[in-house]
Amino acid sequence: MLDNLDLESLRRRPGVKWARATAAGAVPAWIADMDFPVAEPVRAALVQAVETDLGYPAWDDRPERNPLAEVFAARMSDRYGFAPVPAHVRVFTELIQAVQAVLHVGTAPGDAVAMHTPAYPPFLETLGDMRRRLVPIPVVDSGHGWTFDPDRLAADVARNRCVALILVNPHGPTGRVFTRAELSAVAEIAMRHDLLVVTDEIHADLTYEPHRHTSFAALAPELAARTVTLHSASKAFNLAGLRCCVAHVGDARVRAALDALPPLLLGQPGNLGVLGTQAAWQHGDAWLADVRTVLDRNRRLVADGLPDAVGYHLPEATYLAWLDFRPLGLGPDPAAHLLDRAGVMLSHGPPFGPGGEGFARLNFATGRPILDDILRRLRASCRPRLTPSDLA
């Protein structure tokens with residue numbers, strides 16, 4: 001069923017992924033939305049709400065009244081061995097809003113914030129908009145995969161007097177799942193330099209065997225006490241439009257500062273976002289298992305179907321492929337070339353910051369016929385002499 005996607009129906013979707021690509025006459029493989037049908041438990045929960053009651057929800061702005069606190073705590077404990085305190089869980093409309101709120105109360109303009117790069121562009125934009133200084137932690141190609149240097153991180157944190165670290169694990173855009181040893185090295189640095197840690201674990205449910213996601217706050221109680229852990233069903237269950245994210249605010253100072261804000265200043269997620277997330281986390285794992293099977297196959301199809309010389313390490317999590325087009329000489333922004341020559345819309349590499357030039361990101365969360373067409377188009381567009389019949 002996940003492969004049986006109708007191209008014409010997809011092109012009529014109003015969401016940004018297909019609407020923008022269709023307007024450009026292209027096949028989309030860019031923004032992080034999947035093409036698969038909504039999980040049945042989520043669909044059923046939303047339909048029931050629409051058919052019965054769209055009035056005020058039973059929960060309100062008080063954290064202890066939101067039903068996601070207990071659901072989130074149970075899921076994290078069962079899947080990742082981290083036991084969040086339900087009373088420390090806060091609900092936001094989306095992950096970037098949560099990051100901005102935490103940086104607003106936990107740091108000040110001019111403060112230095114360390115983060116692995118390349119990075120999700122809205123994180124970089126957030127630091128710029130909030131006048132926080134980015135201290136890059138370069139994620140580099142070792143020849144066998146993506147890695148970073150903890151010793152350089154320690155030196156850069158000390159030299160720049162960082163006050164916070166944004167840790168994205170699984171990492172985007174590379175798809176690395178950091179090991180317990182790597183995270184322990186980061187933890188030691190965070191403890192030594194008294195860093196506030198904001199960890200984005202939104203892709204954790206999309207980790208492939210034999211890799212294992214380790215929640216940073218689960219490493220030690222003293223780490224949990226300085227960490228804000230962010231999660232959402234938006235990526236693994238494709239619910240970004242429902243606008244719902246949870247944050248376990250382990251740092252008591254940040255928690256108190258957030259709670260001191262006017263209660264509705266940051267807004268609230270809508271009832272449908274909460275209901276959809278609850279249904280996904282409590283009843284959607286069978287759907288998720290099927291999706292992960294297809295995605296596991298698709299990441300391997302990408303490896304087999306890319307143009308020769310394009311650099312690609314099999315992602316250990318996520319449905320996003322970070323592709324190195326530098327050997328083909330397509331310039332700093334190969335996605336622009338590929339949109340023009342292949343009719344495929346990829347995410348542009350340069351907005352991902354340091355390490356993004358010469359790269360593009362490909363979303364492979366679609367049915368096999370569509371993915372096969374995307375890869376065929378990419379191969380044809382990278383031939384030395386392209387003719388119109390190549391893309392027909």
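In which strand is Phe 359 found? Phe 359 lies in strand 13 (residues 359-363), strands being DSSP runs of E of at least two residues and helices runs of H or I of at least four, numbered from the N terminus. The model is predicted, with local features needing pLDDT of at least 70 and side-chain atom pairs counting only at pLDDT 80 or more, while totals for chains, interfaces and linings use all residues. Residues are numbered from 1 along each chain as its sequence is written, and side-chain values use heavy atoms, leaving out hydrogens and water.

**Phe 359**
- Phe 359 counts as buried because its relative accessibility is 4%, the cut-off being under 20% relative accessible area (1.4 Å probe, protein chains only).
- Beyond residues up to four places away in sequence, Phe 359 touches residues including Trp 146, Trp 322 and His 348, where contact means heavy atoms within 4.5 Å.

**Nonpolar cores**
- The largest nonpolar core has 67 residues; such a core is a set of buried Ala, Val, Leu, Ile, Met, Phe, Trp, Tyr and Cys residues joined through side-chain atoms within 4.5 Å.
- Among the residues with the most contacts inside this core are Phe 237 and Leu 362.
- Helix 12 (residues 285-305) gives the most to the core, with seven residues.
- Leaving aside neighbours within four places in sequence, Phe 237 is in contact with residues including Met 34, Trp 281 and Leu 288.
- A second, separate core of 29 residues includes Val 249 and Leu 258.

Note on methods: Buried means under 20% relative accessible area, exposed over 50%, partly exposed in between (1.4 Å probe, protein chains only).
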